[in-house]
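Thanks, everyone. I have one model to walk through today. Please look at the screen.

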Amino acid sequence: MEKRIELEKRGRTPDQIHELNLDNCRSTSIEGLTDEFTNLRSLSLINVGLTSLKGFPKLPNLQKLELSDNRISNGLNLLHTSPNLTNLNLSGNKIKDLETLEPLKEFEHLKSLDLFNNEVTCIENYRERLFKLLPSLEYLDGFDAKEQEADDSEQENDSVNGNEEEESDEDGEGEGGEEDDDEEVEDEEVGLEAVYKENLDEESEGDDYEGEGSEEEEDEDIEEEESFQADADTTEDDSTPRGKKRKHEGEEEVN
């Protein structure tokens, strides 16, 4: 049992453990389980081979204790170190009479007790007498005082409600998903339209720029032609006097 406890600790300190499962580890008594497990709330010792609860530690926060399929016949007073116990499973043990269960009267918060497959269950008026012995008890061997499995029905109702909530959540997610898809499509369309419009604006601006550039080039060409024509006219005007002058000079020489 000590080796199993060390394995279940997984590097944690005892006060960090809330649940401890020691099922099927072989031991006739409690070994290795100490008072250091101050925050332990659930302890399972199913099919361990326990014949005694000697050495059971002080576990002030323990609420659920599983001791089924062992060989315990007495010594339940050794559990008094866990006063907040609410669920105790002793099915499949060697408990024969109600006197052995007397120590359980000290557990003021005990709500569920399982003694199935113990000889004590064969006693006449066993259920009535035990509910009277333990006033806080709500369920004995899985049934309440009226032989109704109220706990199971409540669990079923909870599961049904849980399923309905899950389905409604799934429906809500589905509707939300469709709306999100529609919004994404609209965003994509708006985005494409904006890009398309932007491209058109750029093209139109490019055309205007080219048009303006071409008009300026045409103006420059006209100015160049007018300048060239003006130069040509000036040349002609200059050549005429020169020719006349040369002619006069020639005539003077001849004379």
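Start with Ser68. You will find it in the loop between E3 and E4. Buried or exposed, this Ser68? Its relative accessibility is 5%, so Ser68 counts as buried. Keep in mind that this is a predicted model. Now look from Ser68 to Asp114. In sequence, 46 residues separate the two. In space, their C-alpha atoms are 8.7 Å apart.

Next, the strands on either side of that loop. E3 covers residues 64–66, and E4 covers residues 87–89. They pair in the parallel sense, over three bridges. Within this pair, Leu65 sits opposite Leu88 of E4.

Step back to the whole sheet. It is open, with six strands. The order is E1-E2-E3-E4-E5-E6, and the pairing is parallel. Which strands stand at the edges? Those are E1 and E6, the latter at 139–140. Each has a single partner strand, so one side of each lacks a neighbour in the sheet.

And the chain overall? The count is three helices and six strands. Reading from the N terminus, the elements go α-β-β-β-β-β-α-β-α. The chain has 255 residues, and 26% of them count as buried.

On to charges. How many salt bridges does the structure hold? Four. I will show three of them.

Arg4 with Glu8 comes up here. The closest N and O atoms are 3.2 Å apart. Both residues belong to helix H1, residues 2–9. They are four residues apart, so about one helical turn separates them. Arg4 is partly exposed, at 22% relative accessibility. Glu8 is buried, at 17%.

Now Glu102 and Lys105. Their side chains form a salt bridge, 2.9 Å from N to O. Glu102 is partly exposed at 33%. Lys105 is also partly exposed, with a relative accessibility of 46%.

Then Glu147 and Arg127. Here the closest N and O atoms are 2.8 Å apart. Glu147 is in the loop between E6 and helix H3 (150–254), while Arg127 is in helix H2, residues 126–133. Glu147 is partly exposed, at 48%. Arg127 counts as buried, at 16%.

Last stop: the surface. Which residues form the positive patch? They are Arg26, Arg71, Lys94 and Lys96. Take Arg26. It lies in the loop between E1 (19–21) and E2 (42–44). Arg26 is exposed, with a relative accessible area of 56%.

That is the tour. Over to you.

Terms used:
Residues numbered from 1 in each chain as written. Predicted model: local features only at pLDDT ≥ 70, side-chain atom pairs only at ≥ 80, totals over all residues. Heavy atoms only, no water. Patch = residues over 30% accessible without salt bridge, like charges linked within 9 Å, V, L, I, M, F, W, Y side chains within 5 Å. Areas by Shrake-Rupley, 256 points an atom, 1.4 Å probe, with all protein chains shown as cover. Lys, Arg positive; Asp, Glu negative; His and termini not counted. Charge placed at Lys NZ, Arg CZ, Asp CG, Glu CD. Helix = DSSP H or I, 4+ residues; strand = E, 2+ residues; numbered from the N terminus. Buried < 20%, exposed > 50% of the residue type's maximum accessible area, 1.4 Å probe, protein only. Pairing = 2+ DSSP bridges.
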